[in-house]
Amino acid sequence: MEYRYIITSAIAFLALQIFLFSFTKTISWLFSLKRTPKFLLGALFYVSANALIILHLTRTLHAFRAVALMLALLLFAFFISILTACLYKLGQHIMDKNKLNTGLKVFYPLAFCGLVGLSIYNAYTPTVVRYSVTLDKPLAQPLRIGMASDLHLGKYFGAKQLDKLADIMNQEKVDLILMPGDIMDDNVEAYVAENMQPHLAKLRAPLGVYATLGNHDFFGAEHSIYEELTKAGIKVLWDEAETINNQFVIVGRNDDLHKARPSAQQILSKVDTQLPIFLMDHRPTEIEQHAQLPIDIQVSGHAHKGQIFPASIITKLMYRLDYGYEEINKTHFFVTSGYGFWGIPMRLGSQSEVMIIDVKGK
């Protein structure tokens with residue numbers, strides 16, 4: 001198991017204890033529970049929740065989505081509990097405490113449902129984020145790149161969302177589409193069962209649609225994923241480069257789960273680096289190294305902008321650039337929050353998105 005997953009699991013386990021304590025107190029307040037029912041309810045919450053997460057972490061039970069959903073809902077409840085406590089502190093000096101208490105008991109479930117609804121909205125309603133850059137190399141004509149990463153096509157994200165993505169790319173009149181990894185959610189089972197290929201095949205651009213594979217594409221089904229993407233008309237760059245109309249070069253690197261992958265420098269040694277170089281690398285982990293190479297644009301995903309706050313704090317600590325845009329040594333780096341989501345259809349502090357990058361030459 002990778003160290004980052006061990007750290008993430010430890011943080012999740014500790015956070016669970018805090019959330020359970022807060023949730024037990026909140027439920028006791030909402031329903032005016034006495035000491036014994038409060039104790040029994042708290043014990044039930046602690047035992048069942050911790051048993052679920054321990055069974056998952058020990059791989060006795062595959063319950064990732066159940067654990068993720070539980071943590072997300074407890075986190076949202078924690079946020080609303082803090083807000084409710086703050087409102088009580090502010091309101092107790094200006095109105096009757098009994099009326100305030102009753103009003104907050106009505107407010108709490110409404111606010112909780114509103115936060116859950118907002119998170120689902122953010123997951124399924126993509127926004128378009130735009131950037132414009134000028135390269136330090138000549139480019140025959142301006143170029144509009146549409147970039148979408150981390151679709152995680154599967155049971156909860158599929159044909160309807162692919163149709164929407166194709167509509168966005170068509171409306172934006174992109175010249176080129178880049179998809180830097182995690183196209184599928186671990187395998188092609190749901191993709192095939194739901195007949196998503198005709199919908200994915202709607203992605204079209206004059207200069208082509210290119211993809212590379214991310215970590216979730218390398219959980220054992222990478223060759224099946226490669227074949228399905230190819231059938232849909234997407235060119236998968238498997239640690240390779242392709243020159244487009246002798247105008248620019250697209251480089252695609254596999255995720256670093258593919259231990260045999262060559263370095264970006266090794267791939268670039270086989271291409272004309274006088275041309276603009278566009279690199280797809282799923283994880284934004286080697287930005288400093290790539291900034292020393294003749295790469296003009298790098299597009300990445302993976303971090304999801306944390307997907308649900310406060311995980312965005314962790315991704316900011318993990319990566320120099322976990323989201324957005326930064327220019328380093330004349331190389332333009334873009335990291336998207338992703339078009340889909342991981343695990344559960346919820347986003348808070350982030351939103352599903354498509355990046356549109358307008359590119360001009362020197």
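**Salt bridges and nonpolar cores**

Reader: How does Glu286 count, as buried or partly exposed?
Author: Happy to start there, bearing in mind that this is a predicted model. Buried would require a relative accessible area under 20%. Glu286 comes out at 22% relative accessibility, so the residue counts as partly exposed.

Reader: Which residue forms a salt bridge with Glu286?
Author: The closest N and O atoms of the pair lie 2.9 Å apart, and the partner of Glu286 is Arg253. The two belong to distant parts of the chain, 33 residues apart: Glu286 sits in the loop between β8 (277-281) and α10 (287-290), and its partner in strand β7 (residues 248-253). The name you want is Arg253.

Reader: Where is Asp281, the salt-bridge partner of Arg261?
Author: Arg261 and Asp281 form a salt bridge, with 3.2 Å between the closest N and O atoms. They link distant parts of the chain, 20 residues apart, with Arg261 in the loop between β7 and α9 (264-268). Arg261 is buried at a relative accessible area of 13%, and Asp281 also counts as buried, at 2% relative accessibility. Asp281 itself is in strand β8.

Reader: How many residues apart are Asp185 and Arg65?
Author: These two form a salt bridge, with the closest N and O atoms 2.8 Å apart. Asp185 is in the loop between β3 (176-180) and α6 (189-193), Arg65 is in helix α3 (residues 64-91), and the pair links distant parts of the chain. Asp185 is buried, with a relative accessible area of 14%, while Arg65 is partly exposed at 34%.

Reader: How many salt bridges does the structure hold?
Author: Some of them join up: Arg130, Arg144, Glu172 and Asp358 are linked in a network of salt bridges. For the structure, the total is 17.

Reader: Which element gives the largest share of the largest nonpolar core?
Author: That core has 35 residues, of which Leu151, Leu153, Met179, Leu203 and Leu229 touch the most other members. Elements giving two or more residues to this core include β3, β4 (209-212), α8 (222-231) and β12 (353-360). The largest share is five residues, and it comes from α5.

Reader: How many residues are in the second, separate core?
Author: In soluble globular proteins, nonpolar side chains tend to be buried together. The second core here includes Leu20, Phe45, Leu71 and Val116. Its number of residues is 28.

Notes: Residues numbered from 1 in each chain as written. Predicted model: local features only at pLDDT ≥ 70, side-chain atom pairs only at ≥ 80, totals over all residues. Heavy atoms only, no water. Salt bridge = Lys/Arg side-chain N within 4 Å of Asp/Glu carboxyl O. Helix = DSSP H or I, 4+ residues; strand = E, 2+ residues; numbered from the N terminus. Buried < 20%, exposed > 50% of the residue type's maximum accessible area, 1.4 Å probe, protein only. Core = buried A, V, L, I, M, F, W, Y, C linked by side-chain atoms within 4.5 Å.
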